[in-house]
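Subject: Structure for your files

Hello,

Here is the structure we discussed, with notes on what was found in it below. Please read the notes with the model open.

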Amino acid sequence: MFTILFWAGLTFAQSSGSTSDKDNYKKVVTERANKIVAVLNITDSVKFKKVRDIVAAQYISLNDIYDARNASRKQIKEQTGDDKTAAAAKNAEVDSNVNKQVKAQHGIYLSKLSKELQADQIDQIKDGMTYRVYPITYAAYQDELPNLTEPQKTKIKAWLIEARENAIDAESAEKKHAWFGKFKGRINNYLSAQGYDMKKEGEEWQKRIKERNMKN
(Lines give C-alpha, C1' and ligand atoms only; values in the text may rest on other atoms or scores of the structure.)
Protein backbone atom coordinates (compact mmCIF):
# COMPACT_ATOMS: atom_id res chain seq x y z
CA MET A 1 0.00 0.00 0.00
CA PHE A 2 1.30 3.40 -0.95
CA THR A 3 0.63 6.82 0.56
CA ILE A 4 1.17 9.76 -1.80
CA LEU A 5 2.72 12.83 -0.23
CA PHE A 6 2.76 16.22 -1.95
CA TRP A 7 5.36 18.86 -1.11
CA ALA A 8 4.96 22.12 -3.06
CA GLY A 9 5.35 20.49 -6.44
CA LEU A 10 7.15 17.34 -5.24
CA THR A 11 5.30 14.03 -5.25
CA PHE A 12 6.78 11.15 -3.25
CA ALA A 13 5.36 7.65 -2.96
CA GLN A 14 6.08 6.00 0.39
CA SER A 15 5.90 2.25 0.73
CA SER A 16 5.08 1.20 4.27
CA GLY A 17 7.10 -2.03 3.95
CA SER A 18 10.45 -1.03 2.46
CA THR A 19 13.36 0.11 4.62
CA SER A 20 14.97 1.94 1.70
CA ASP A 21 11.72 3.75 0.97
CA LYS A 22 11.43 4.77 4.61
CA ASP A 23 15.00 6.08 4.54
CA ASN A 24 14.28 8.01 1.35
CA TYR A 25 11.12 9.42 2.84
CA LYS A 26 13.00 10.51 5.96
CA LYS A 27 15.50 12.32 3.72
CA VAL A 28 12.70 14.07 1.82
CA VAL A 29 10.88 15.30 4.93
CA THR A 30 14.13 16.33 6.62
CA GLU A 31 14.93 18.52 3.63
CA ARG A 32 11.41 19.90 3.72
CA ALA A 33 11.66 20.58 7.46
CA ASN A 34 15.02 22.26 6.90
CA LYS A 35 13.39 24.79 4.54
CA ILE A 36 10.50 25.40 6.94
CA VAL A 37 12.76 26.03 9.94
CA ALA A 38 15.24 28.13 7.95
CA VAL A 39 12.83 31.11 7.94
CA LEU A 40 13.25 31.37 11.72
CA ASN A 41 16.90 32.38 11.28
CA ILE A 42 18.04 30.29 14.26
CA THR A 43 21.76 30.93 14.61
CA ASP A 44 22.41 28.17 17.13
CA SER A 45 23.14 25.15 14.90
CA VAL A 46 22.31 22.65 17.65
CA LYS A 47 18.92 24.24 18.29
CA PHE A 48 18.24 24.55 14.56
CA LYS A 49 18.85 20.83 14.07
CA LYS A 50 16.71 19.96 17.07
CA VAL A 51 13.74 21.97 15.79
CA ARG A 52 14.23 20.66 12.26
CA ASP A 53 14.21 17.09 13.54
CA ILE A 54 11.02 17.73 15.55
CA VAL A 55 9.27 18.95 12.39
CA ALA A 56 10.58 16.06 10.28
CA ALA A 57 9.56 13.55 12.96
CA GLN A 58 6.02 14.96 12.88
CA TYR A 59 5.73 14.31 9.17
CA ILE A 60 6.99 10.76 9.73
CA SER A 61 4.61 10.12 12.66
CA LEU A 62 1.61 11.35 10.68
CA ASN A 63 2.64 9.30 7.68
CA ASP A 64 2.89 6.18 9.83
CA ILE A 65 -0.64 6.78 11.10
CA TYR A 66 -2.04 7.25 7.61
CA ASP A 67 -0.09 4.27 6.23
CA ALA A 68 -1.55 2.05 8.96
CA ARG A 69 -5.03 3.36 8.12
CA ASN A 70 -4.53 2.56 4.44
CA ALA A 71 -3.37 -0.95 5.30
CA SER A 72 -6.46 -1.43 7.48
CA ARG A 73 -8.74 -0.23 4.71
CA LYS A 74 -7.14 -2.67 2.29
CA GLN A 75 -7.64 -5.52 4.75
CA ILE A 76 -11.26 -4.50 5.34
CA LYS A 77 -11.90 -4.51 1.60
CA GLU A 78 -10.46 -8.00 1.31
CA GLN A 79 -12.50 -9.26 4.27
CA THR A 80 -15.87 -7.70 3.42
CA GLY A 81 -15.87 -8.13 -0.34
CA ASP A 82 -19.11 -6.72 -1.78
CA ASP A 83 -20.68 -6.07 1.64
CA LYS A 84 -20.57 -2.25 1.50
CA THR A 85 -22.48 -1.84 4.75
CA ALA A 86 -19.99 -3.90 6.72
CA ALA A 87 -17.06 -2.18 5.03
CA ALA A 88 -18.46 1.28 5.81
CA ALA A 89 -18.91 0.39 9.49
CA LYS A 90 -15.39 -1.00 9.82
CA ASN A 91 -13.85 1.93 7.93
CA ALA A 92 -15.72 4.38 10.15
CA GLU A 93 -14.18 2.71 13.21
CA VAL A 94 -10.73 2.91 11.63
CA ASP A 95 -11.21 6.60 10.78
CA SER A 96 -12.38 7.33 14.32
CA ASN A 97 -9.24 5.76 15.75
CA VAL A 98 -7.07 7.63 13.24
CA ASN A 99 -8.64 10.95 14.25
CA LYS A 100 -7.85 10.20 17.90
CA GLN A 101 -4.25 9.30 17.05
CA VAL A 102 -3.77 12.41 14.92
CA LYS A 103 -5.23 14.62 17.64
CA ALA A 104 -2.89 13.11 20.23
CA GLN A 105 0.11 13.47 17.91
CA HIS A 106 -0.86 17.09 17.25
CA GLY A 107 -0.65 17.87 20.95
CA ILE A 108 2.67 16.06 21.37
CA TYR A 109 4.14 17.94 18.42
CA LEU A 110 3.10 21.39 19.63
CA SER A 111 4.33 20.58 23.12
CA LYS A 112 7.78 19.74 21.74
CA LEU A 113 7.89 22.91 19.64
CA SER A 114 6.80 25.08 22.57
CA LYS A 115 9.83 23.93 24.54
CA GLU A 116 12.13 25.28 21.83
CA LEU A 117 10.29 28.20 20.21
CA GLN A 118 8.22 31.30 20.92
CA ALA A 119 4.55 31.40 19.90
CA ASP A 120 5.19 33.56 16.82
CA GLN A 121 7.92 31.16 15.68
CA ILE A 122 5.55 28.20 16.03
CA ASP A 123 3.08 30.13 13.86
CA GLN A 124 5.78 30.42 11.21
CA ILE A 125 6.34 26.66 11.37
CA LYS A 126 2.61 26.07 10.92
CA ASP A 127 2.55 28.45 7.96
CA GLY A 128 5.50 26.63 6.42
CA MET A 129 3.72 23.29 6.76
CA THR A 130 0.64 24.70 5.02
CA TYR A 131 2.22 26.68 2.17
CA ARG A 132 1.49 30.01 3.91
CA VAL A 133 -2.17 29.80 2.86
CA TYR A 134 -3.34 31.51 6.06
CA PRO A 135 -1.36 34.80 5.79
CA ILE A 136 -1.83 34.95 2.01
CA THR A 137 -5.59 34.41 2.25
CA TYR A 138 -6.04 36.80 5.17
CA ALA A 139 -4.19 39.52 3.26
CA ALA A 140 -6.29 38.79 0.17
CA TYR A 141 -9.56 39.24 2.07
CA GLN A 142 -8.38 42.60 3.38
CA ASP A 143 -7.30 43.68 -0.09
CA GLU A 144 -10.57 42.54 -1.65
CA LEU A 145 -12.72 44.07 1.09
CA PRO A 146 -10.90 47.21 2.34
CA ASN A 147 -13.88 48.28 4.46
CA LEU A 148 -13.95 45.21 6.67
CA THR A 149 -14.70 46.06 10.29
CA GLU A 150 -12.38 44.93 13.06
CA PRO A 151 -14.89 42.32 14.33
CA GLN A 152 -15.17 40.96 10.78
CA LYS A 153 -11.39 40.77 10.44
CA THR A 154 -11.17 39.00 13.78
CA LYS A 155 -13.71 36.39 12.69
CA ILE A 156 -11.99 35.80 9.35
CA LYS A 157 -8.61 35.48 11.03
CA ALA A 158 -9.94 33.03 13.63
CA TRP A 159 -11.46 30.76 10.98
CA LEU A 160 -8.30 30.77 8.87
CA ILE A 161 -6.20 29.93 11.92
CA GLU A 162 -8.58 27.05 12.71
CA ALA A 163 -8.21 25.86 9.12
CA ARG A 164 -4.42 25.97 9.46
CA GLU A 165 -4.54 24.04 12.72
CA ASN A 166 -6.35 21.22 10.96
CA ALA A 167 -4.30 21.47 7.78
CA ILE A 168 -0.95 20.87 9.46
CA ASP A 169 -2.13 17.33 10.22
CA ALA A 170 -3.46 16.58 6.73
CA GLU A 171 -1.71 13.90 4.69
CA SER A 172 -1.32 15.73 1.37
CA ALA A 173 -1.22 19.18 -0.19
CA GLU A 174 -4.66 18.55 -1.64
CA LYS A 175 -6.15 17.79 1.75
CA LYS A 176 -4.34 20.72 3.37
CA HIS A 177 -5.88 23.06 0.82
CA ALA A 178 -9.25 21.37 1.30
CA TRP A 179 -9.29 22.48 4.94
CA PHE A 180 -8.79 26.09 3.88
CA GLY A 181 -11.43 25.68 1.18
CA LYS A 182 -13.91 24.49 3.79
CA PHE A 183 -13.32 27.49 6.04
CA LYS A 184 -13.20 29.96 3.16
CA GLY A 185 -16.69 28.77 2.28
CA ARG A 186 -17.75 29.48 5.85
CA ILE A 187 -16.13 32.93 5.69
CA ASN A 188 -17.82 33.80 2.41
CA ASN A 189 -21.21 32.75 3.76
CA TYR A 190 -20.60 34.90 6.82
CA LEU A 191 -19.61 37.91 4.72
CA SER A 192 -22.65 37.46 2.49
CA ALA A 193 -24.83 37.47 5.61
CA GLN A 194 -23.04 40.67 6.64
CA GLY A 195 -24.26 42.33 3.44
CA TYR A 196 -21.36 41.81 1.04
CA ASP A 197 -22.08 40.78 -2.54
CA MET A 198 -19.07 38.48 -2.82
CA LYS A 199 -19.42 37.97 -6.57
CA LYS A 200 -19.46 41.71 -7.22
CA GLU A 201 -16.71 42.36 -4.68
CA GLY A 202 -14.55 39.71 -6.37
CA GLU A 203 -15.07 41.22 -9.81
CA GLU A 204 -14.20 44.71 -8.57
CA TRP A 205 -11.15 43.35 -6.81
CA GLN A 206 -9.86 41.72 -9.98
CA LYS A 207 -10.27 45.03 -11.81
CA ARG A 208 -8.20 46.81 -9.15
CA ILE A 209 -5.50 44.14 -9.38
CA LYS A 210 -5.31 44.56 -13.18
CA GLU A 211 -5.08 48.35 -12.80
CA ARG A 212 -2.24 47.99 -10.28
CA ASN A 213 -0.40 45.60 -12.56
CA MET A 214 -0.74 47.95 -15.50
CA LYS A 215 0.77 50.79 -13.47
CA ASN A 216 3.70 48.61 -12.50
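Ile-125 is buried, its relative accessible area being 0%; buried means under 20% relative accessible area, with exposed over 50% and partly exposed in between (1.4 Å probe, protein chains only). This is a predicted model, in which local features need pLDDT of at least 70 and side-chain atom pairs count only at pLDDT 80 or more, while totals for chains, interfaces and linings use all residues. Residues are numbered from 1 along each chain as its sequence is written, and side-chain values use heavy atoms, leaving out hydrogens and water.

Ile-125 is part of helix α4. Helices (H or I, at least four residues) and strands (E, at least two) are DSSP runs, numbered from the N terminus. Leaving aside residues up to four places away in sequence, Ile-125 touches Ile-36, Val-37, Leu-40, Val-55, Tyr-109, Leu-113 and Leu-117; contact means heavy atoms within 4.5 Å. One of these, Leu-40, is 85 residues from Ile-125 along the chain, yet their C-alpha atoms are separated by 8.4 Å.

**Overall build**

The protein has eight helices and two strands, in the order β-β-α-α-α-α-α-α-α-α from the N terminus. Its C-alpha trace spans about 55 × 55 × 35 Å along the principal axes. Of its 216 residues, 39% count as buried. Among contacts between residues at least 6 apart in sequence, 61% join residues at least 24 apart. The accessible surface is about 12700 Å², with 51% of it belonging to carbon and sulfur atoms (Shrake-Rupley method, 1.4 Å probe).

**Pockets**

A pocket here is an open set of points on a 1 Å grid where a 1.4 Å probe fits, with protein on both sides within 12 Å along at least five of seven lines; lining residues have an atom within 4 Å of a point.

The largest pocket has a volume of about 340 Å³. Among its 16 lining residues, Tyr-66, Asn-99, Val-102, Asp-169 and Trp-179 are the closest to its centre. The elements that give two or more residues to this lining are α2 (45-80), α3 (84-114), α6 (150-167) and α7 (173-193), and the largest share, six residues, is from α3. By class, the lining has five nonpolar, three polar and eight charged residues; Ala, Val, Leu, Ile, Met, Phe, Trp, Tyr, Cys and Pro count as nonpolar, Asp, Glu, Lys and Arg as charged, and the others, Gly among them, as polar.

The second largest pocket holds about 170 Å³. Its lining includes Arg-32, Lys-35, Gln-124, Asp-127 and Tyr-131. Helices α1 (19-38) and α4 (119-129) each supply at least two of the lining residues, which divide into four nonpolar, two polar and four charged.

Regards

Key: Points joined across faces, edges and corners; volume = space filled by probe spheres on them.
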